[in-house]
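Please look over the fold first, then its aromatic residues and its core. The report below follows that order.

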Amino acid sequence: MNTKLLLKVKARILKHPASINMRHYANSCGTTGCIAGHAMAIGNKVSLWTVNSLAERDLFRTKAKKLLDLTEDQYNRLCFPNKWPDDFYKTYNELVTDYVNDKLTTDCYNNKMAQLVADYIDHFIKTETVN
C-alpha cells in the first residue's frame, strides 16, 4: 500500500473539500472525484474528470490500483463506500440523504464528506497495514 500517497490524497481532500465526490459514477474514473481520482491526479499529474469511456475507466482503475499498490479487494474497500465498514457507510449514507433532502448546505456537505473520507483513509491505512 502506498501510504505516503494516501496521506497526500487525504490532505488534498481536506484542503479542497468541494473536489471529493463519492456519490455516483460520472464521467471520470468510474468513482467520480474519488480517492483514486485524487491519487491519480497527484501521482500522475493528470486532471480529474478526464476519463470518458468504459475502456478508459478500466485502464484508469488499473493504473490507480498500481499507483496505490492495492489488490483488487483493497481498491474496492477503499474506493467504493458500499464496501466501507458499516459505521462509515452509515455516516456516508446519512450525509448523502441529508444533502439530497436539503438538510445540509453544499459547503457543509462538502466539508463533512471530506472529513469522513479523510477519517476513512486513516482507518483504511491502520486496518490494512495490520492485515
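## Fold and confidence

The protein chain has six helices and zero strands. Helices (H or I, at least four residues) and strands (E, at least two) are DSSP runs, numbered from the N terminus. Along the sequence the pattern reads α-α-α-α-α-α.

This is a predicted model, in which local features need pLDDT of at least 70 and side-chain atom pairs count only at pLDDT 80 or more, while totals for chains, interfaces and linings use all residues. Residues are numbered from 1 along each chain as its sequence is written, and side-chain values use heavy atoms, with hydrogens and water left out.

pLDDT is the predictor's confidence in each residue, from 0 to 100. The mean for the protein chain is 83, and 79% of its residues reach 70 or more. Among the elements, helix H3 (residues 54-68) has the lowest mean pLDDT (78) and H5 the highest (95). Over residues 25-32, pLDDT stays under 50. The model has 32 contacts for this stretch beyond four places in sequence. Contact means heavy atoms within 4.5 Å. Where pLDDT is low, the predicted coordinates should not be read in detail.

Of contacts in the protein chain between residues at least 6 apart in sequence, 60% join residues at least 24 apart. Buried residues make up 43% of the 131 residues in the protein chain. Buried means under 20% relative accessible area, exposed over 50%, and partly exposed in between (1.4 Å probe, protein chains only).

## Aromatic pairs

Rings of Phe, Tyr and Trp (its six-membered ring) pair if their centres lie within 6.5 Å; planes under 30 degrees apart count as stacked, over 60 as edge-to-face and the rest as tilted. By this rule the count comes to seven aromatic pairs. Two of the pairs involve Tyr 120.

| Pair | Type | Centre to centre | Angle between planes |
|---|---|---|---|
| Trp 84 and Tyr 120 | stacked | 4.5 Å | 25 degrees |
| Tyr 120 and Phe 124 | tilted | 6.1 Å | 50 degrees |

Trp 84 is buried, with a relative accessible area of 3%. Tyr 120 is buried too, at 2% relative accessibility.

Phe 124 is also buried. Tyr 120 and Phe 124 are four residues apart in helix H6, so about one helical turn separates them. Trp 84, Phe 88, Tyr 89, Tyr 92, Tyr 120 and Phe 124 form one aromatic cluster.

## Core and helix H1

A nonpolar core is a set of buried Ala, Val, Leu, Ile, Met, Phe, Trp, Tyr and Cys residues joined through side-chain atoms within 4.5 Å. The largest has 35 residues, of which Ile 35, Leu 78, Met 113 and Val 117 touch the most other members. H1, helix H2 (35-43), H3, H4, H5 and H6 each give two or more residues to this core. H6 gives the most, with nine residues. Leaving aside neighbours within four places in sequence, Met 113 is in contact with Ile 20, Tyr 92, Leu 95 and Val 96.

In H1, Leu 5, Leu 6, Val 9, Lys 10 and Ile 13 are buried. They cover an arc of only 145 degrees around the axis, so they sit on the same side of H1. The arc is that of the directions from the helix axis to the C-beta atoms. On the other side of H1, Lys 4 and Lys 15 are exposed.
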